[in-house]
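I opened a new page for this structure. These are my notes, in the order I looked things up.

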Amino acid sequence: MNEREDEFKQQAAAYAVQEKRAASKSTTVSWLRVLVFLLGAGIAWYFFSAANMSAGFLSVVAFYILFVLVMRWHSRLDYRYRQLQLLHQFNLHEVERLHGRLNQFDGGHSFRDDHHPYTSDLDIFGGDSLFQLVNRSVTSLGKLRLAQWLRLAAPAPEVLRRQEAVAELAKPEGQEWLQQALVKPMHYKHTESQNSQEFFSWLRQRDFYKQHSLLKMLVFLLPILTLAAIVAWFYGYSGYIAVAFLAVQYLVGLRFQKVRDEYYETSIGMYEAIQSYTDQLRHIEGHTFQAPLLAEIKGRLQQGDTRTSVAIGKLATIIDYFSWRLSTLMSFFLNTILMWDFVWIYRLESWKSQHLDQVEEALDLLAEFEALASIAAFQYAHPHFAIPALSTAPFEFAAERLAHPLIFSVDRIANDFAMQGAGKTIVVTGSNMSGKTTFLRTIGINMVLAFTGAPVCAQRMAVAPMQVYTAMRTADNLAENTSSFYAELKRLRILLNMTERQEPVFYLLDEILKGTNSRDRHAGAMALIRQLHDRTASGLISTHDLELGAMEQELPGSVENYSFNSTIEGDKILFDYTLQRGICRSFNASKLMQLMGIAIEDTV
């Protein structure tokens with residue numbers, strides 16, 4: 001970690017120096033733009049006041065062109081300055097992640113689902129979550145794709161394709177390009193309302209000019225006639241003709257005011273996102289990839305007569321011109337004389353017929369790339385994490401130096417653990433706070449990472465493809481009139497239903513049936529283990545119930561006991577958080593109660 005931390009800090013410092021220089025240059029050119037404007041205005045005024053109209057108009061045109069060139073120069077410098085600022089910030093954020101300061105990052109709260117097989121129990125989304133640690137996506141597309149990957153294990157061939165793509169993106173020599181790709185969307189505002197799928201679905205359903213074919217002809221004819229009538233008016237012809245054409249345009253605009261507003265308001269909400277997609281696609285199109293998945297993404301982006309970045313850039317331009325209606329003065333002139341809104345509605349629908357299918361597929365590919373880029377940045381930041389191997393042995397899970405990726409202590413404890421075969425249950429006993437629940441979560445969260453295509457917090461790890469299922473944080477629900485015990489039973493019922501299929505299920509159950517008396521809990525837990533023994537399932541169960549350890553004799557080779565232990569030295573309880581073979585033989589509940597002020601000696 002220290003190696004990467006020092007590297008990120010050095011890069012942040014280097015970008016800060018460049019950022020300062022770029023800011024100074026941008027400010028200088030900004031003042032040059034003001035100077036060009038004032039100088040042009042002064043020279044034009046001099047020639048006009050001297051009645052030299054030709055020189056006056058020529059100076060206006062010349063300085064206008066010069067002003068535009070300087071303005072574009074300043075825009076490029078400003079973009080460069082902002083890019084350096086974002087790269088500086090990105091590297092500082094990497095340091096924050098290494099230290100576990102995750103609350104400033106998006107937790108993907110909208111993806112939380114208490115009914116999901118494992119995301120709530122394993123802290124995949126929310127505060128101090130895996131999503132905060134892994135995600136670097138800014139757009140809703142990238143976040144959604146990464147969330148989907150974390151929620152649903154990929155088939156083994158797809159996991160291998162992702163691992164290969166991530167390995168290429170995570171190469172040290174490619175980090176500058178990768179960081180550039182990840183910060184480009186940060187130039188633009190991204191909100192939860194920017195849903196490209198909804199926008200394109202809405203656009204696909206709209207066929208305004210097919211329903212009003214006569215209006216299409218008027219859009220191009222009326223402005224020409226109106227302008228001609230206005231020019232004729234200045235040459236002495238009747239002004240009533242121009243007024244009549246203006247009145248027709250006004251009435252047509254009034255008739256379709258609601259449609260015009262709908263097209264504009266729906267489109268403008270996507271403007272920043274569309275600009276962001278354009279920048280990202282240009283960046284990807286200009287790069288060469290070797291990994292098959294990345295090469296496939298780029299190849300599919302280059303299909304068609306028009307480059308995808310150009311196609312989506314046209315959409316951004318259309319929306320930009322459409323937004324000119326926001327200026328009251330411009331809107332009056334444009335929509336009263338040129339039918340401006342109708343022109344850009346027509347352009348939008350023409351764009352749809354030419355590029356919509358291409359761009360929809362491209363954005364799906366862009367989401368794929370963003371998710372891969374996030375995982376690659378995560379992998380680069382943790383060079384000591386292992387790339388997991390996918391095992392073909394049924395229900396295999398084997399790891400060396402396995403630890404929890406969301407524990408950021410410098411002396412984080414790691415354990416070795418291995419199990420294999422269907423119908424196998426590992427019973428984990430342990431004293432309070434000894435680490436048994438954390439160990440179950442450690443196995444589960446690393447399996448999720450492995451099936452996503454990401455590295456795992458271990459020195460080595462091999463795992464067979466399985467459906468992870470957990471029952472850990474069951475709680476009562478007043479709205480549904482459900483007790484915590486009944487909520488847990490419902491989770492276990494789902495588990496039993498899942499294990500009736502052919503799909504392999506790997507379960508992680510923490511303190512099962514804790515909401516009932518010890519006799520029923522013991523009998524119910526043993527019955528569940530026996531039932532799962534005959535299913536396409538294996539997993540771990542943590543418990544305080546030492547009687548479950550007797551099942552190792554009842555089902556030899558199928559039930560194994562492991563434990564976490566603690567020692568008491570005076571008023572201190574010491575934990576080593578080390579997994580051991582066998583049943584827990586150390587207890588600390590009485591000592592914990594004493595430390596909390598409960599006079600337990602008097603109540604025995």
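Predicted model: local features only at pLDDT ≥ 70, side-chain atom pairs only at ≥ 80, totals over all residues.

**Ser484.** Ser484 sits in helix 18, which covers residues 484-499. I also checked Ser484 against Val183. They are 301 residues apart in sequence, and their C-alpha atoms are 44 Å apart in space.

Four of them make an open sheet, in the order 1-5-2-3, with mixed pairing. Which strands stand at the edges? They are strand 1 (389-390) and strand 3 (415-419). Each has a single partner strand, so one side of each is left without a neighbour in the sheet. Strand 2 (residues 397-402) and strand 5 (residues 460-463) run antiparallel and share four bridges. In that pair, Ala399 is opposite Met461 of strand 5. Helix 17 (residues 436-452) packs on the sheet and touches strand 2, strand 3 and strand 5. The direction of helix 17 makes about 75° with that of strand 5.

**Nonpolar cores.** I looked for the largest nonpolar core and found 130 residues in it. Which members touch the most others? They are Phe397, Phe417, Ile443 and Leu540. Helix 16 (residues 340-381) gives this core its largest share, 23 residues. Setting aside neighbours within four places in sequence, I listed its contacts, among them Phe417, Met419, Phe439, Ile443 and Phe506. There is also a second, separate core of 23 residues. Its members include Leu495, Leu509, Leu528 and Ala537.

**Glu19.** Glu19 is buried, yet it has no salt bridge. What is the nearest side chain of opposite charge, and how far away is it? It is Arg82, 7.6 Å away. A salt bridge needs the nitrogen and oxygen within 4 Å, so Arg82 does not qualify as a partner for Glu19. Beyond residues up to four places away in sequence, Glu19 touches Tyr81, Leu84, Gln85 and His88.

**Salt bridges.** My search of the whole structure gave 30 salt bridges. I wrote down three.

- Glu7 and Arg4 meet at 3.3 Å, N to O. Both lie in helix 1, three residues apart, about one turn of the helix. Glu7 counts as buried at 19% relative accessibility. Arg4 counts as buried too, at 10%.
- Arg307 pairs with Glu285, with the closest N and O atoms 3.7 Å apart. Arg307 is in the loop between helix 13 (292-301) and helix 14 (308-322), while Glu285 is in helix 12 (residues 271-285). The two residues are 22 residues apart. Glu285 is buried, with a relative accessible area of 9%.
- Glu361 pairs with Arg300, with the closest N and O atoms 3.0 Å apart. Glu361 lies in helix 16 and Arg300 in helix 13, so the pair ties together parts 61 residues apart in sequence. Glu361 is partly exposed at 30%. Arg300 is partly exposed at 29%.

Salt bridges join Glu158, Arg161, Arg162, Glu296, Arg300 and Glu361 into one network.

How values were computed
Residues numbered from 1 in each chain as written. Heavy atoms only, no water. Pairing = 2+ DSSP bridges. Contact = heavy atoms within 4.5 Å. Axes fitted to C-alpha atoms, helices over the stretch in contact; angles between N-to-C directions. Core = buried A, V, L, I, M, F, W, Y, C linked by side-chain atoms within 4.5 Å. Buried < 20%, exposed > 50% of the residue type's maximum accessible area, 1.4 Å probe, protein only. Lys, Arg positive; Asp, Glu negative; His and termini not counted.
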